[in-house]
Amino acid sequence: MPRGNGQGRGMGRGQGQGRGQGGNFPGPGGYCVCPSCGYKEAHVQGVPCLNKTCPKCGAKMTRE
């Protein structure tokens, strides 16, 4: 069996993770929710909910 640097071709097809399939990137829709008072507003694409503060109580918002 030949020796090498371990960079050969694989024999199967891999299944990669698709976009918007959970994880840290839940997709463009959804809501930003305040964990303290429950205030909810629509999520704006490109603006993380964690960067928003609740207009009612001032707490950091989270993604629903």
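Predicted model: local features only at pLDDT ≥ 70, side-chain atom pairs only at ≥ 80, totals over all residues.
Leaving aside residues up to four places away in sequence, Lys52 touches Cys32, Glu41, Ala42, Val44, Val47, Ala59, Lys60 and Met61. Lys52 itself is found in the loop between S2 and S3. Is Lys52 buried or exposed? Lys52 counts as buried because its relative accessible area is 15%, under the 20% cut-off. Now draw a line between the side chains of Lys52 and Glu41. A polar contact of 3.0 Å joins them.

The structure holds one disulfide. Which parts of the chain does the pair link? Cys32 lies in strand S1 (residues 31–33). Cys49 lies in the loop between strand S2 (40–42) and strand S3 (62–63). The two are 17 residues apart, and the pair links distant parts of the chain. A disulfide is a covalent bond between the sulfur atoms of two cysteines.

Look along the S-S bond. The angle about it is -70°, and the link of Cys32 and Cys49 is left-handed. Both Cys32 and Cys49 are buried.

**Cysteines to compare**

Select Cys54. This cysteine is in no disulfide. Where is the nearest cysteine sulfur to Cys54? That sulfur belongs to Cys37, 3.6 Å away. Cys54 has 4% relative accessibility, so Cys54 counts as buried.

Move to Cys57. The closest cysteine sulfur to that of Cys57 is in Cys34, at 3.5 Å. Cys57 is partly exposed, with a relative accessible area of 41%.

**The nonpolar core**

Select Cys32, Cys34, Cys49, Cys54, Ala59 and Met61 together. These six residues make up the largest nonpolar core. Now keep only Ala59. Not counting residues up to four places away in sequence, Ala59 touches Cys34, Ser36, Lys52, Thr53 and Cys54.

**The sheet**

Switch to a cartoon view. The chain has zero helices and three strands. Along the sequence, the pattern reads β-β-β. In what order do the strands stand in the sheet? The open sheet has the order S2-S1-S3, with antiparallel pairing. S2 and S3 stand at the edges, where each has a single partner strand, so one side of each is left without a neighbour in the sheet.

Zoom in on S1 and S2. They run antiparallel, and three bridges join them. Select Val33 and look across. Opposite Val33 stands Lys40 in S2. Strands of a sheet pair through backbone hydrogen bonds, either parallel or antiparallel.

**Back to the loop**

Select Pro48, which is found in the loop between S2 and S3. Pro48 counts as partly exposed because its relative accessibility is 42%. Pro48 and Thr62 are 14 residues apart along the chain, and their C-alpha atoms are separated by 8.6 Å.

**Last view: the whole chain**

Show the surface. How much of the chain counts as buried? Of its 64 residues, 14% do. The accessible surface comes to about 5,700 Å², and 49% of that belongs to carbon and sulfur atoms.

Notes: Residues numbered from 1 in each chain as written. Heavy atoms only, no water. Disulfide = S-S within 2.5 Å. Helix = DSSP H or I, 4+ residues; strand = E, 2+ residues; numbered from the N terminus. Buried < 20%, exposed > 50% of the residue type's maximum accessible area, 1.4 Å probe, protein only. Pairing = 2+ DSSP bridges. Polar contact = N/O pair within 3.5 Å; in protein donor to acceptor, adjacent residues only side chain to side chain. Contact = heavy atoms within 4.5 Å. Core = buried A, V, L, I, M, F, W, Y, C linked by side-chain atoms within 4.5 Å. Areas by Shrake-Rupley, 256 points an atom, 1.4 Å probe, with all protein chains shown as cover.
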